There are 2 protein chains.
Amino acid sequence: MQLHDFRLSGNCYKVRLFLALLGREVELQQTDLLGGAHKRPEFLAVNPRGQVPVLVDEGQAIYDSQAILVYLAKRYADASWYPQDALSQARIASWLSFAANEVAKGPGQARLHGLFRMPGDLQQAQQRAVQVLELVDAHLALHSWLAQGEAPSIADLAVYPYIALAGDGGIDLTPYAHLAAWFARIRALPGYIGMPGL
Amino acid sequence: MQLHDFRLSGNCYKVRLFLALLGREVELQQTDLLGGAHKRPEFLAVNPRGQVPVLVDEGQAIYDSQAILVYLAKRYADASWYPQDALSQARIASWLSFAANEVAKGPGQARLHGLFRMPGDLQQAQQRAVQVLELVDAHLALHSWLAQGEAPSIADLAVYPYIALAGDGGIDLTPYAHLAAWFARIRALPGYIGMPGL
């Protein structure tokens with residue numbers, strides 16, 4: 001198994017984290033995002049969207065970080081990470097969309113401006129980030145894990161990185177006690193690994 | 001089954017469309033988005049994200065349009081709409097993320113500015129929209145359907161509405177022959193329904 005990776009990407013990290021929790025080896029291939037490697041023809045032949053991460057397994061390229069979590073869960077994980085009944089799958093899909101949309105546009109975008117100095121409206125991204133943090137914190141006041149009360153699922157792994165990295169976008173995480181407790185539960189999972197900034 | 005709906009929302013339409021293709025009845029409850037009904041406490045008690053659509057089935061509220069497609073497919077549809085093997089699920093999840101992220105930020109956002117006069121950077125949204133259209137058109141040059149070559153899946157329903165509605169955001173769809181052929185294939189599905197603007 002091979003992962004087209006970038007060490008500072010929260011989307012790549014969520015895949016590395018799940019692989020570590022599953023105890024699976026992966027060959028990491030670093031992608032020079034700052035040098036534009038992901039927009040070159042040889043990379044676009046692997047992923048036309050020009051994004052990392054890309055997982056290559058058994059000759060198949062799988063991209064989008066949420067999709068890779070789905071793949072790994074179905075293929076290599078205990079069913080608790082991605083239960084198969086309709087309601088559980090819908091709850092998880094809802095959080096995967098939230099990761100791809102609200103989390104990316106909020107704390108993810110704020111971090112791009114704050115840490116990587118990408119142009120854009122930092123203040124607007126921070127406002128969105130605070131809404132995201134408040135919403136997830138309120139949810140976690142009532143539930144231990146995002147999609148299921150009793151056990152972690154790929155929903156937690158999809159949403160966790162850019163929320164935990166919100167400080168890189170100038171967001172103060174200290175008001176959110178339920179987020180802090182959830183971070184601690186995730187960090188206590190056997191096999192947990194961190195990333196720069198966490 | 002009940003759907004908190006808004007007739008002009010492409011996200012609500014994708015759910016109405018799938019229900020129509022499945023031949024299932026649903027009670028539509030219109031939500032006055034322009035009057036802010038989705039930000040009032042009674043709505044936030046159903047969906048804390050303050051968004052439509054919300055499907056209520058057997059006492060459970062399911063939200064996020066992609067998650068509702070997953071739920072309906074698992075619960076009520078032929079398996080071809082959402083095959084259960086790891087690779088098919090990953091391919092579909094990848095397009096669901098694309099719908100939640102790139103499609104929403106591109107043609108979806110352009111339409112919000114163009115049709116509903118929401119403030120924001122119309123030109124940037126249009127540039128993103130063109131990238132999305134080019135990418136999907138190139139994919140459809142090689143495949144009849146988005147996630148599987150041979151049959152429609154919920155990936156097609158998730159991506160279709162805001163691409164087909166791109167004209168509302170000032171985008172010219174005429175250069176994209178493979179999109180036009182895909183639209184025709186979708187519109188020929190038994191039970192197909194349209195929406196205002198399509």
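Author: Residues are numbered from 1 along each chain as its sequence is written, while chains are lettered from A and ligands numbered from 1 in the order in which they are written. Because this is a predicted model, local features need pLDDT of at least 70 and side-chain atom pairs count only at pLDDT 80 or more, whereas totals for chains, interfaces and linings use all residues.

Reader: What is the mean pLDDT of chain A?
Author: The pLDDT is the predictor's confidence in each residue, from 0 to 100. For chain A the mean is 96, and 100% of its residues reach 70 or more. The model scores ipTM 0.97 and pTM 0.97.

Reader: How do you know that the length of helix α1 of chain A agrees with its number of residues?
Author: Helices are DSSP runs (H or I, at least four residues), numbered from the N terminus, and strands are runs of E of at least two. The expected span is 1.5 Å times one less than the number of residues. For the twelve residues 10-21 of chain A this gives 16 Å, and the end C-alpha atoms are 16 Å apart, so the two agree. Just after α1(A), A:Gly23 has a positive phi of about 70 degrees.

Reader: Why is α1(A) called mostly covered?
Author: A residue is buried if 20 or more other C-beta atoms, placed from the backbone, lie within 10 Å of its own, exposed if 12 or fewer do, and partly exposed in between. Ten of the twelve residues of α1(A) are buried, so the helix is mostly covered. Among them are A:Cys12, A:Val15, A:Leu17 and A:Phe18. The buried residues pack against β1 (2-5), β3 (54-57), α3 (65-76), α4 (86-116) and α6 (154-164) of chain A.

Reader: What makes domain 1 and domain 2 of chain A touch?
Author: The bounds, 2-78 for domain 1 and 80-187 for domain 2, come from an automatic or database domain assignment. Two residues are in contact if their C-beta atoms, placed from the backbone, lie within 7 Å. Twelve residues of domain 1 are in contact with 13 of domain 2. On the domain 1 side, α1 and α3 of chain A each give two or more residues.

Reader: How many residues of chain B are in contact with chain A, and which element supplies the largest share?
Author: In chain B, 27 residues are in contact with 27 residues of chain A. The largest share of the chain B side, twelve residues, comes from α4(B).
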